Amino acid sequence: MSSDPVIELSNVSKRYSKSSTFNHSFREQISGFFREKAERSELREGEFWALRNVTLRINRGECVGLSGPNGSGKSTMLKLISNITYPTLGRVDVHSPIAPLIELGAGFHPDLSGIENIYMNGTILGLSIQDVRSKIDEIVDFSQLGDFVHTPVKKYSSGMTLRLAFSIAINSPAETFLFDEVLAVGDVDFKLKCTEKIKDLKAAGKTIVIVSHDYNEMASICNRIFMFGKGSIKETVTLS
């Protein structure tokens, strides 16, 4: 693990409107470059702060966990790192290609089969068609979907969707991987398989950020765990 920073957040705050949380990201992608860097920090009616004044640095090859109760800001932080949304205040710098697995089924077309979605999602993550073709058997085998891989994704359970999404993500050429609750969906055997694969990625020098409610599982993998509460980091636990 090097001291070269891959992810840097400097005094980052994120404000959402309670009435438009789900549409906010899209609007921000259109207007983000035209906003003033410093907005007024007063909380207006109908708004809330998902993150407040978060500063952290994640180094190349480091595996870190984000822990805390629902609503503490963990998933919002992953969305900021992956550029799905933008900070209201502060700065986010990412110096590496990223493979985000932070919204179950994101990037999948429900009417396409698993195989077709492998090709589509794989190219989104930076693989060429030739790369996907060479990895298709490995992806299908890891997912353990069997003949269901030829079934439209809209018929998949959440566990099946996770299997497919995780199997594609780990075969991307990215150097940094973001995993949001991948250890919370699916059967015990597949969770163990995911954990072992994340350890393999760590051993290969990849940078990994994991959000999970399973602190013990994260502690077995991570170098550090950031403990979140009410939109800020309350404690940093160093494990190795």
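Two strands are taken to pair if DSSP finds at least two bridges between them. Strands (E, at least two residues) and helices (H or I, at least four) are DSSP runs numbered from the N terminus. The views below show a predicted model, in which local features need pLDDT of at least 70 and side-chain atom pairs count only at pLDDT 80 or more, whereas totals for chains, interfaces and linings use all residues. Residues are numbered from 1 along each chain as its sequence is written, and side-chain values use heavy atoms, with hydrogens and water left out.

**View A. Strand β1 and its pairing with β2 and β4.** Nine bridges connect β1 with the antiparallel strand β2 (residues 47-59); E8 has R57 of β2 as its bridge partner. Strand β4 (residues 89-94) also pairs with β1 in the antiparallel sense, over five bridges, and V92 of β4 stands opposite L9.

View B. I208 is buried, its relative accessible area being 0%. Beyond its neighbours within four places in sequence, I208 is in contact (heavy atoms within 4.5 Å) with E62, C63, V64, F177, F179, I198, L201 and K202. The C-alpha atoms of I208 and T176 are 5.7 Å apart in space, although 32 residues separate the two in sequence.

**View C. The aromatic pair F142 and F190.** Six aromatic pairs are found in the whole structure (ring centres of Phe, Tyr or the six-membered ring of Trp within 6.5 Å; planes under 30 degrees apart are stacked, over 60 edge-to-face, the rest tilted). F142 and F190 form an edge-to-face pair, with 5.8 Å from centre to centre and 70 degrees between the planes. F142 lies in helix α4 (residues 129-143) and F190 in helix α6 (residues 188-203), so this pair ties together parts 48 residues apart in sequence. Both F142 and F190 are buried. One aromatic cluster is formed by F142, F166, F177, F179 and F190.

**View D. Charges over the rings of Y16 and W49.** A charge sits over a ring if NZ of Lys or CZ of Arg is within 6 Å of the ring centre and within 35 degrees of the ring normal. The charged end of K14 is placed over the ring of Y16, 5.0 Å from its centre. R52 lies over the face of W49, at 4.3 Å from the ring centre.

Definitions and conventions: Buried < 20%, exposed > 50% of the residue type's maximum accessible area, 1.4 Å probe, protein only.
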